[in-house]
Amino acid sequence: FEIFGLFLNVLIALEILENITAYLRKHVVQVELVIVTSLIAVARKIIILNLDKTGGLEIIGLALAILSLSISYWIIRRTTAKKPH
């Protein structure tokens, strides 16, 4: 789990670097990329979560974070798919 957690840390860092690079080039924040990065970060938290030391309130909070990020991602994907290029 530690190695996989470190791998996800690298993946999150690369996503953040891509966010910064895209902003510096286009001066536009890519919301879809930010949401995906957030989903990866929450997924990493869940993967390395120690259930013996975690309370129910924290698990409910993580579930709400995943639900809200997923709905946000779905809305963003749906609206960008309808726009003509």
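Guide: Helices are DSSP runs of H or I with at least four residues, strands are DSSP runs of E with at least two, and both are numbered from the N terminus. This is a predicted model, in which local features need pLDDT of at least 70 and side-chain atom pairs count only at pLDDT 80 or more, while totals for chains, interfaces and linings use all residues. Residues are numbered from 1 along each chain as its sequence is written, and side-chain values use heavy atoms, with hydrogens and water left out.

Visitor: OK, how many helices and strands are there in the protein?

Guide: The protein has three helices and zero strands, and from the N terminus on its elements run α-α-α. The radius of gyration, taken over C-alpha atoms, is 15 Å, which is well over the 12 Å that the globule rule (2.2 Å times the number of residues to the power 0.38) gives for 85 residues, so the protein is more spread out than a compact globule.

Visitor: And what does the C-alpha trace span along its principal axes?

Guide: The C-alpha trace spans about 50 × 25 × 15 Å along those axes.

Visitor: Switching topic, what does UniProt list for residues 57-76?

Guide: An unreviewed UniProt entry lists residues 57-76 as "transmembrane region", with positions given in the numbering used here, feature names shortened, and annotations that may be inferred rather than shown by experiment. In the model, the chain over residues 57-76 is 100% helix and 0% strand, and the end C-alpha atoms of this stretch are 28 Å apart.

Visitor: What about E15, buried or exposed?

Guide: E15, whose place is also in helix 1, is buried, since its relative accessible area is 14%. Leaving aside neighbours within four places in sequence, E15 is in contact (heavy atoms within 4.5 Å) with L33, T37 and I40. E15 and E58 are 43 residues apart in sequence, and their C-alpha atoms are 25 Å apart in space.

Visitor: Which residues is N19 in contact with, apart from its neighbours within four places in sequence?

Guide: N19 is in contact with L33, V34 and T37. N19 has its place in helix 1 and counts as buried because its relative accessibility is 18%.

Visitor: And why does N9 count as partly exposed?

Guide: N9 counts as partly exposed because its relative accessibility is 34%. N9 is found in helix 1, and the C-alpha atoms of N9 and R44, which are 35 residues apart along the chain, are separated by 7.9 Å.

Visitor: One more residue, where is V10?

Guide: V10 is in helix 1, which covers residues 2-26, and V10 is partly exposed, with a relative accessible area of 48%. The C-alpha atoms of V10 and V36, which are 26 residues apart along the chain, are separated by 14 Å.

Visitor: Finally, what share of the protein's residues is buried?

Guide: Buried residues make up 18% of the 85 residues. Among the contacts with a separation of 6 or more, residues 24 or more positions apart account for 62%.

Conventions. Buried < 20%, exposed > 50% of the residue type's maximum accessible area, 1.4 Å probe, protein only.
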